[in-house]
Every structure is written in structure tokens, then in C-alpha cells.
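Open the model in your viewer and keep the selection tool at hand. The stops below say what to select and what is there.

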Amino acid sequence: MSKYIGQWFFYDDDISIYWNRGNTFNVYQDQKEVNCFTVTETLTPKRAELVADEWLAEQLEEEKLRHADTF
């Protein structure tokens, strides 16, 4: 049995998001925690995956917009 009771979601660029099956998500890149976020809604595993996907997409879009001025 794994010591982790939550669920992992994996993405490109060695990014992973761990959901604790509650309201907290921890974001890792290269196996180092780089961010976290919480939600107030009750989540099913499927909904948690969608929340993680949407959060990451928003973060990547914000990062692109921040760097758009340099190009």
C-alpha cells in the first residue's frame, strides 16, 4: 500500500500535481514542490483532474503573457 492516499496527475515538462483527496493540490516540477492551491468545492476524482488541468493551463497562459512583452 502506498503511503500516499491522494491522487497524482502527470504533465509534460516533469510537472505533476498531487491532490490530497480534500481541497489541496500540491504542484511539483522535477520532483520539487513549486506551488500549491486549494479549492472550496467538494471534488470527485474526475472533477479534481479537471481542476488540476484547468489550473495548470491558466498558469501556463499567464506565464506566456508575462513573457510576451520580451518578444
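## First stop: a loop residue

Select Arg21, which counts as partly exposed because its relative accessible area is 44%; the label covers values between buried, under 20%, and exposed, over 50%, with a 1.4 Å probe and protein chains only. Arg21 sits in the loop between strand 2 and strand 3. Its phi is positive, about 65°, although Arg21 is not a glycine. Most residues other than glycine have a negative phi.

This is a predicted model, in which local features need pLDDT of at least 70 and side-chain atom pairs count only at pLDDT 80 or more, while totals for chains, interfaces and linings use all residues. Residues are numbered from 1 along each chain as its sequence is written, and side-chain values use heavy atoms, with hydrogens and water left out.

## The whole chain

Zoom out and colour by secondary structure. The protein has 1 helix and 4 strands, in the order β-β-β-β-α along the sequence. Helices (H or I, at least four residues) and strands (E, at least two) are DSSP runs, numbered from the N terminus. The C-alpha trace spans about 50 × 25 × 15 Å along its principal axes. Of the 71 residues, 27% count as buried.

## Two more residues

Select Asp14, in the loop between strand 1 and strand 2. Asp14 has a phi near 55°, a positive value in a residue other than glycine. At 44% relative accessibility, Asp14 is partly exposed.

Next, select Gln7 in strand 1 (residues 7-11). Is Gln7 partly exposed or buried? Gln7 counts as partly exposed because its relative accessibility is 22%. Leaving out residues up to four places away in sequence, Gln7 touches Ile17, Tyr18, Trp19, Arg21 and Pro45, where contact means heavy atoms within 4.5 Å.

## The core

Which residues touch the most other members of the largest nonpolar core? Select Ile17, Phe25, Phe37 and Leu43, out of 14 core residues. Such a core is a set of buried Ala, Val, Leu, Ile, Met, Phe, Trp, Tyr and Cys residues joined through side-chain atoms within 4.5 Å. Strand 2 (15-19), strand 3 (24-29) and helix 1 (45-68) each give two or more residues to this core, and helix 1 gives the largest share, 5 residues.

Keep Ile17 selected and show its contacts. Beyond four places in sequence, they include Gln7, Phe25, Trp55 and Leu56.

## The pocket

Last, select Ile15, Trp55, Leu56, Gln59 and Leu60, which lie nearest the centre of the largest pocket among its 13 lining residues. On a 1 Å grid over the protein atoms alone, a pocket is an open set of points where a 1.4 Å probe fits, with protein on both sides within 12 Å along at least five of seven lines; lining residues have an atom within 4 Å of a point. The volume of this pocket is about 230 Å³, the space filled by probe spheres set on the points. Helix 1 gives the most to the lining, with 6 residues.
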